[in-house]
Amino acid sequence: MEKNKTILLAVIGIEALIILGLSLFLFFGDKIGIPLLTKETPEQAAQSAIKYINENFLASAQGKAELKKVEESNNLYKITFDIGEREYISYVSKDGQLLFPEAIDMKPLPPKEFPKTAKPDVKLFVMSYCPYGNQAEDAMFPVVNLLKDKANIEVHYIFYKNYQSGYPEYCIDKENQYCAMHGIQEFNQNIRELCVWKYQKDKFWSFVKDMNVKADYKTADKKWEGVAGALGIDVQKIKDCQKNEALSFAAQEVALTSKEYLVQDPAKNQGKETTTVSGSPTLVINGVVFDGQRSAEGYKNAICAAFKKEPPECSQSLGDESPSSVSGGSCQ
């Protein structure tokens, strides 16, 4: 709870900063701004902006802004920084005198097409007990059944570090490098699903579907063996995998979520052209983050658009209904 309060304070501070900066910029133009009194080099301007944000908007919170990178953009310095697990972008004038917390791009980049391949690579990133992720999995089930092995459709998992109270309630390791948002049982279920994918892939989607219905983040450790056994999964094999391969699997998943992926529609991503994966669900098709409708039909159409030559199955409709919670919600 304490970390949630910290992040909330950080977000509130940044939102207030955005409102202030935009108001000054829109009403007074370049004659009034937030004085930073920095030198002119990009690094110095960026560091002074971060210092200003920390001292004036995050002083009462335990979290702080951490600079990720600075680059030139539209005659300004564009700074990218993190507060907790969340990324922000702001701008600093080249003389270091004005900070613009947010910019409105009046000419947003058009949506990108997915690169076309003979067998599209599809990665659905979820948390095993994020309700939005579970609904995305429900939407993906009929797509998997339709396309079968014509596309490489995989489920991957989102882990955080230093989350909430850490080990052992949320993290598997005492260093708190590998944690799950919904607690240690979600972490364990993430790993078990990866183990089933590795050792009994033909049972994977049935196992995921049944666990989504028959267990939750409080009961998964108790109920998974019964669910797995009923499906013909080798329970002991999965136990051994969970014991011996959990950390390597977690490191593998963190490496995937930490990569920079292109985004399909920059206008839906605060103008950013690339992003990492932090929210469940996130669908990546041939290296591009999907920004369309989260439904069976929406997923199918997006994947089919990534084929060099569409298979005949792409002409089959899966329906266009999409629960509103799937369309807009995420765990992050």
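Helices (H or I, at least four residues) and strands (E, at least two) are taken here as DSSP runs, numbered from the N terminus. On that scheme, P312 sits in the loop between α8 and α9. The model is a predicted one, so local features need pLDDT of at least 70 and side-chain atom pairs count only at pLDDT 80 or more, while totals for chains, interfaces and linings use all residues. Residues are numbered from 1 along each chain as its sequence is written, and side-chain values use heavy atoms, with hydrogens and water left out.

First, the overall picture. The protein chain comes out with nine helices and ten strands. Of its 332 residues, 48% are buried, where buried means under 20% relative accessible area, exposed means over 50%, and partly exposed falls in between (1.4 Å probe, protein chains only). Contacts (heavy atoms within 4.5 Å) reach well along the sequence: among those between residues at least 6 apart, 62% join residues at least 24 apart. Back at P312, the relative accessibility is 65%, so this proline counts as exposed.

Next come the disulfides, a disulfide being a pair of cysteine sulfur atoms within 2.5 Å. The rule gives four of them. With the bonded cysteines of the protein chain numbered in sequence order, the pairing reads 1-8, 2-3, 4-5, 6-7.

One of the four links C130 and C331, with the sulfur atoms 2.2 Å apart. The torsion about this S-S bond is about 90°, so the disulfide of C130 and C331 is right-handed. C130 belongs to the loop between β5 (121-126) and α3 (131-147), and C331 to the segment after α9 (324-328), so the bond ties together parts that are 201 residues apart in sequence. Both C130 and C331 are buried.

Another disulfide joins C195 to C241, at an S to S distance of 2.0 Å. The link of C195 and C241 is left-handed, with -85° about the S-S bond. C195 lies in helix α4 (residues 184-199) and C241 in helix α7 (residues 235-258), so this pair ties together parts 46 residues apart in sequence. C195 has 0% relative accessibility and therefore counts as buried; C241, at 2%, counts as buried too.

C304 and C314 also form a disulfide, their sulfur atoms 2.0 Å apart. This link of C304 and C314 is left-handed as well, at -90° about the S-S bond. C304 is in helix α8 (residues 296-304) and C314 in the loop between α8 and α9, ten residues apart. Both of these cysteines are buried.

The axes of α4 and α7 (lines fitted to C-alpha atoms, for helices over the stretch in contact) are 8 Å apart, at an angle of about 105°. Angles run from 0 to 180 degrees between N-to-C directions; those under 35 degrees count as roughly parallel, over 145 as roughly antiparallel, 65 to 115 as roughly perpendicular and the rest as oblique. The two helices α4 and α7 are therefore roughly perpendicular to each other. On the α4 side the contact includes F187, I191, L194, C195 and Y199, and on the α7 side it includes I238, C241, A246 and F249. The residues of this α4 and α7 contact split into eleven nonpolar, two polar and five charged. Here Ala, Val, Leu, Ile, Met, Phe, Trp, Tyr, Cys and Pro count as nonpolar, Asp, Glu, Lys and Arg as charged, and the others, Gly among them, as polar.

Helix α4 also holds N190. With 0% relative accessibility, N190 counts as buried. Leaving aside residues up to four places away in sequence, N190 touches M127, S128, Y157, I158 and F159.

That leaves the nonpolar cores, each a set of buried Ala, Val, Leu, Ile, Met, Phe, Trp, Tyr and Cys residues joined through side-chain atoms within 4.5 Å. In soluble globular proteins, nonpolar side chains tend to be buried together. The largest core here has 56 residues, and M140, I153, W205, F207, I285, Y299 and I303 touch the most other members. The largest share of this core, eight residues, comes from α3. I153 touches V122, M140, V143, V144, W197, W205 and I303, not counting residues up to four places away in sequence. Apart from this core lies another, of 16 residues, among them C130, I158, V277 and V284.
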